[in-house]
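Please keep the sequence and the structure in view while reading.

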Amino acid sequence: MHYIIPIHRNNKIINFSPLEKAAFKKTVKTYFAYQDRIIWHYEYQREGQNIVTFLGEKLRVKEESDYLLRIQKYPETHSEDRYYDKLHSFGTLSIVYDLEGSPTSKQLYEAYKQRNEIEVMFDSYKNFLAADKTFMQDRHVLEGWLMANFIAMIAYYKLFWRLKEAKLLSHYAPKDIIELSKSIYQMKINGQWHCSEITEKTKTLFKKIKIDYLK
């Protein structure tokens, strides 16, 4: 059986000692970019298990701030002593895995992030397509509305897989491509249709994911 399993931060199998060092980044020197975020990581073995611990700086800062803000609101469960006890674990994700081959830490991270595709789908359905509410009262119109949203989700995930095949998921999400596409349109000038200006960066991106708006 092959697996990628996240480990709760209070699990004793996790080795946080590298993060307790002042010169952690200088010592580890291993990181990668994921969707405009830098993810630090280090691998090790414990109890016969392959483990990798990731650190996201943006997440670490957010979690530290959230905890400090909660000390005054929830003194019964949050305190400065507990804050310092948790300081080295903020912003971390540790996983234990058993996979064929020798996957890189970045491949493991991306594979784990894909676990929540269902949650992301519903989030996109509700927030990006704003399709979680309907005020329609006619059954036939409602069925057509649901079908349109269903087709939209198929298109959304086609973009997802094209980005994945082009190895661009660490830089772009489907909604980024949609937002870029909104700036491309046809204009009718003196009876002739013209395409709006497209930057070279956007042209290169669309070429990589096999989308050509000029055809």
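Leu159 is located in helix α6. The model in which this residue is seen is a predicted one.

- When residues up to four places away in sequence are not counted, Leu159 touches Pro174, Ile177, Ile178 and Ile211.
- Leu159 and Ile178 are separated by 19 residues in sequence, and their C-alpha atoms lie 8.9 Å apart in space.

**The buried side of helix α7**

- Helix α7 comprises residues 174–181, and its residues Pro174, Ile177 and Ser181 are buried.
- These three residues lie on the same side of α7, because the arc they cover around the axis is only 60°.
- Helix α6 (139–165) and helix α8 (200–208) are among the elements that cover the buried residues of α7.
- Two of these buried residues, Pro174 and Ile177, are also among the residues that Leu159 touches.

**How α7 and α8 meet**

- A pair of packed helices is described by two quantities, namely the angle between the axes and the distance between them.
- For α7 and α8, the axes come within 12 Å of each other and cross at roughly 130°.
- The crossing in which α7 passes α8 is left-handed.
- On the side of α7, the contact is made by Ile177, Leu180 and Ser181, while α8 contributes Thr202, Leu205 and Phe206.
- Sorted by class, this contact contains four nonpolar residues, two polar residues and no charged residues.

**Glu57 in helix α2**

- Glu57 belongs to helix α2, which spans residues 57–73.
- Its relative accessible area is 18%, and Glu57 is buried because the limit is 20%.
- Apart from neighbours within four places in sequence, Glu57 is in contact with Lys25, Ile38 and Trp40.

**The protein as a whole**

- The protein contains eight helices and seven strands.
- It has 215 residues, of which 32% count as buried.
- Among contacts with a separation of 6 or more, 57% are between residues 24 or more positions apart.

Notes. Residues numbered from 1 in each chain as written. Predicted model: local features only at pLDDT ≥ 70, side-chain atom pairs only at ≥ 80, totals over all residues. Heavy atoms only, no water. Buried < 20%, exposed > 50% of the residue type's maximum accessible area, 1.4 Å probe, protein only. Helix = DSSP H or I, 4+ residues; strand = E, 2+ residues; numbered from the N terminus. Arc of directions from axis to C-beta. Contact = heavy atoms within 4.5 Å. Axes fitted to C-alpha atoms, helices over the stretch in contact; angles between N-to-C directions. Left-handed = near helix turned anticlockwise from the far one by under 90°. Nonpolar A, V, L, I, M, F, W, Y, C, P; charged D, E, K, R; others polar.
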